[in-house]
Amino acid sequence: MTAMNTNTLQESASSANYEKSVPVLIAFAPNWKVRMVLARIVGAILIVMAFSMWLVAGSVMAAEVWPIKLAASLMFLLVGVSLMTIQLLDARPDAYFDPIRREVRVLQKNENGRPQTVLRRSYDTLGGARFVEDQVELYDVDGSLLMKLPLQSADVSHALKGQLSGSVTIFA
């Protein structure tokens, strides 16, 4: 394991250019768009099926079949509408890297949907960081893995490296 000490190149806090540094927010959430699209497509198909049961020519309208057909069409309609209106309530936390306070905060939404801080660590109390492909691994001072975060793009990775390079050891 090779460690690179980046603390020798740090600037003083008075000469740091805070106007150019921006906060970095990294979400833990996976890609839910495909699941939402599939749920809406299945919901639309079920709604169409609920109405087409009554419109198809040659359908049986016997007195014995009518209650079963009504129950099935109502079930298709209710399930279809619920799939069409489903909303994703993601309770996964977000990691917020603050360049002004020089700390990382993990924010999790409470039952009202408002973010609450569940973890706050100063950059000085972090043991190190390793940037691997499209994720960053933050380590505690004892060497244990503190958190592993996915990075959305190379720009986010570059901005995060810029923030952490002054006070956190970046492992190669």
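## A buried aromatic pair

Both Tyr 139 and Phe 171 are buried. The model that shows this is a predicted one. A search of the whole structure turns up two aromatic pairs. Tyr 139 and Phe 171 make an edge-to-face pair, with 5.9 Å from centre to centre and 75 degrees between the planes. Tyr 139 belongs to strand β7 (residues 135-139) and Phe 171 to strand β9 (residues 170-171), so this pair ties together parts that are 32 residues apart in sequence.

## A pair between two helices

Now take the pair of Trp 54 and Trp 66. Their ring centres are 6.2 Å apart and their planes stand at 65 degrees, so this pair is edge-to-face. The cut-off that matters here is an angle over 60 degrees. Trp 54 lies in helix α1 (residues 33-55) and Trp 66 in helix α2 (residues 66-84), so the pair ties together parts that are twelve residues apart in sequence.

## Charges over rings

Trp 54 has another neighbour. Lys 69 lies over the face of Trp 54, 5.1 Å from the ring centre. Elsewhere, the charged end of Lys 161 sits over the ring of Phe 131, at 5.1 Å from its centre.

## The nonpolar core

Nonpolar side chains tend to be buried together in soluble globular proteins. In this model, the largest nonpolar core has 18 residues. Which members touch the most other members? They are Phe 97, Phe 131, Val 136, Leu 138 and Leu 164. Several elements each supply at least two residues of this core: β3, β4, β6 (128-132), β7, β8 (145-150) and α3 (154-164). Helix α3 gives the most, with three residues.

Phe 131 has contacts of its own to list. Leaving aside residues up to four places away in sequence, Phe 131 touches Val 136, Leu 151, Ser 157, Leu 160, Lys 161, Leu 164 and Ile 170. Lys 161 is the residue whose charged end sits over the Phe 131 ring.

Strand β4 covers residues 103-109. Is this strand mostly covered or mostly open? Mostly covered: five of its seven residues are buried. On one side of the pairing is strand β3 (residues 94-98), which runs antiparallel to β4 and is joined to it by five bridges.

The hairpin of β4 and β5 has five residues between the strands. Within this hairpin, Gly 113 takes a positive phi near 90 degrees.

## The whole protein

How many helices and strands are there? The protein has three helices and nine strands. Along the sequence, the pattern reads β-β-α-α-β-β-β-β-β-β-α-β. Of the 172 residues, 27% are buried.

Among contacts with a separation of 6 or more, 56% join residues 24 or more positions apart.

Notes: Residues are numbered from 1 along each chain as its sequence is written. This is a predicted model: local features need pLDDT of at least 70, side-chain atom pairs count only at pLDDT 80 or more; totals for chains, interfaces and linings use all residues. Side-chain values use heavy atoms; hydrogens and water are left out. Buried means under 20% relative accessible area, exposed over 50%, partly exposed in between (1.4 Å probe, protein chains only). Helices (H or I, at least four residues) and strands (E, at least two) are DSSP runs, numbered from the N terminus. Two strands pair if DSSP finds at least two bridges between them. Contact means heavy atoms within 4.5 Å. Rings of Phe, Tyr and Trp (its six-membered ring) pair if their centres lie within 6.5 Å; planes under 30 degrees apart count as stacked, over 60 as edge-to-face and the rest as tilted. A charge sits over a ring if NZ of Lys or CZ of Arg is within 6 Å of the ring centre and within 35 degrees of the ring normal. A nonpolar core is a set of buried Ala, Val, Leu, Ile, Met, Phe, Trp, Tyr and Cys residues joined through side-chain atoms within 4.5 Å.
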